[in-house]
Amino acid sequence: MEQIRLQPEVAEIEKEIIAWRRYFHQNPEVSMKEYNTSATIKKLLDKWGVSYVNVGETGILATLNGTKGEGKTILLRADMDALPLIDETQTCYTSQKEGINHACGHDGHTAALLGATKILKDKEFKGKIKIIFQPAEEIGRGAKLFLKAGHLEDVNRVFGIHLHSPTEVGKVIATIGARGASCDIFEIRVKGESAHVSKPHQGKDALLATAHIAVALQSIVSRRINPLQPAVVGLGTMQAGTEYNIVAKEGVLKGTVRAFDKEVRKQILKEIEEIAKCTAKIYQTEAEFSNFAASVALVNDEAPTLLAQKVLKDIVGEENILKQEVGSLGGEDFADLMEVVTGTFLHVGSRNPENPETWYPHHHVKFDIDERCLAVATQTHISYALAYLNEE
């Protein structure tokens with residue numbers, strides 16, 4: 001877009017950044033199995049002489065030490081996992097791995113931060129820049145690896161970027177306050193007894209119980225939660241039974257809870273468990289409830305976001321900084337980092353209004369981006385990091 005202003009060094013490597021993104025898109029890997037992605041990143045870091053350590057099996061923490069003395073430490077982050085989803089983009093860079101697809105833009109996040117790393121390694125600044133290439137954002141486990149390893153203990157500021165298909169390329173969302181909901185991933189396992197379907201009274205039908213639990217859960221948000229409090233109880237999978245003529249012995253429901261408010265989150269999880277167990281009992285079955293707390297709510301802090309807005313003026317212009325956007329009930333485990341260190345998380349527009357192929361939502365089989373957004377993300381990482389480290 002005409003309003004995008006890139007530094008010459010970013011413009012010079014833009015094609016290289018796009019090439020990295022396309023390689024990652026062709027070679028996607030799901031959460032906790034990003035082995036080739038990790039190896040590719042480390043080859044580039046070795047080539048550039050950037051020091052790094054492994055975090056878990058596939059995570060990477062690179063470190064750039066400033067040449068102008070001690071100072072603050074900022075952490076930049078990109079996630080790198082793909083989704084278990086087919087790719088129907090039909091492009092020259094369509095996924096070569098059946099049933100795996102970078103349908104959320106993490107390939108772009110990784111490529112953009114690699115571009116920033118290549119440039120920042122030669123910049124002069126005070127303090128330190130930590131750069132993490134994070135696995136397993138999609139299952140809410142990646143950020144926790146870096147926290148557990150203690151890599152944020154000396155960090156003063158965290159900064160992250162997500163590409164955003166609803167927003168036009170050349171525009172960036174930099175809004176103070178709630179941007180993403182907390183994310184819980186729950187499982188309900190219903191146990192019954194098998195029998196011949198012609199004699200259902202001799203069994204305990206886990207399929208029937210599971211189906212009724214699935215329906216009953218939909219009453220929580222509509223009848224138990226204040227309508228002014230955004231929340232979602234979403235079911236993604238339901239499985240039960242083994243054959244058409246056998247009363248199901250077991251049923252499994254998997255879903256997620258999204259909320260902004262901590263108390264609403266707690267209430268919903270409690271009610272899911274109660275409804276599951278009580279409904280199962282009605283059908284003479286038993287229900288077991290388990291939950292994984294994937295991430296807390298993502299809330300942008302004021303000072304870090306104001307600095308982002310200031311930095312973005314020189315990249316996309318004041319009129320293209322979206323400061324009042326409503327948050328999403330999507331989850332983002334960057335929030336786990338922001339729970340312990342102040343920071344902000346921006347959404348960089350990736351939609352080309354003249355190309356419908358870039359209009360598909362995240363997690364869609366045809367999700368794609370206008371690749372001009374990658375240089376915007378790279379430039380924003382660079383400008384933000386230097387502005388923060390050099391501010392008084």
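Guide: Let's start with a pair of helices: α9 and α11 are oblique to each other. This is a predicted model, where local features need pLDDT of at least 70, side-chain atom pairs count only at pLDDT 80 or more, and totals for chains, interfaces and linings use all residues. Residues are numbered from 1 along each chain as its sequence is written, and side-chain values use heavy atoms, leaving out hydrogens and water.

Visitor: Why are α9 and α11 called oblique?

Guide: Helix α9 (residues 302–313) and helix α11 (residues 372–390) pack at an angle of about 120°, their axes 10 Å apart. Under 35 degrees counts as roughly parallel, over 145 as roughly antiparallel, 65 to 115 as roughly perpendicular and the rest as oblique. So α9 and α11 come out oblique.

Visitor: What makes the contact between α9 and α11?

Guide: On α9 there are Pro-304, Leu-307, Ala-308, Val-311 and Leu-312, and on α11 there are Thr-380, Ser-383, Tyr-384, Ala-387 and Tyr-388. Contact here means heavy atoms within 4.5 Å. Eight of these residues are nonpolar, two polar and none charged. For the labels, Ala, Val, Leu, Ile, Met, Phe, Trp, Tyr, Cys and Pro count as nonpolar, Asp, Glu, Lys and Arg as charged, and the others, Gly among them, as polar.

Visitor: And α4 with α11, what makes that pair oblique?

Guide: Their angle is about 45°, with the axes 8 Å apart, and that makes α4 oblique to α11. Among the residues that meet are Gly-108 and Ala-112 in α4 and Leu-374 and Ala-377 in α11. That contact divides into nine nonpolar, four polar and no charged.

Visitor: How do α2 and α4 cross?

Guide: The axes of helix α2 (residues 14–26) and helix α4 (residues 106–120) come within 8 Å and cross at roughly 145°. Their contact includes Trp-20 of α2 and Leu-114 of α4, and its residues are six nonpolar, four polar and four charged.

Note on methods
Axes fitted to C-alpha atoms, helices over the stretch in contact; angles between N-to-C directions. Helix = DSSP H or I, 4+ residues; strand = E, 2+ residues; numbered from the N terminus.
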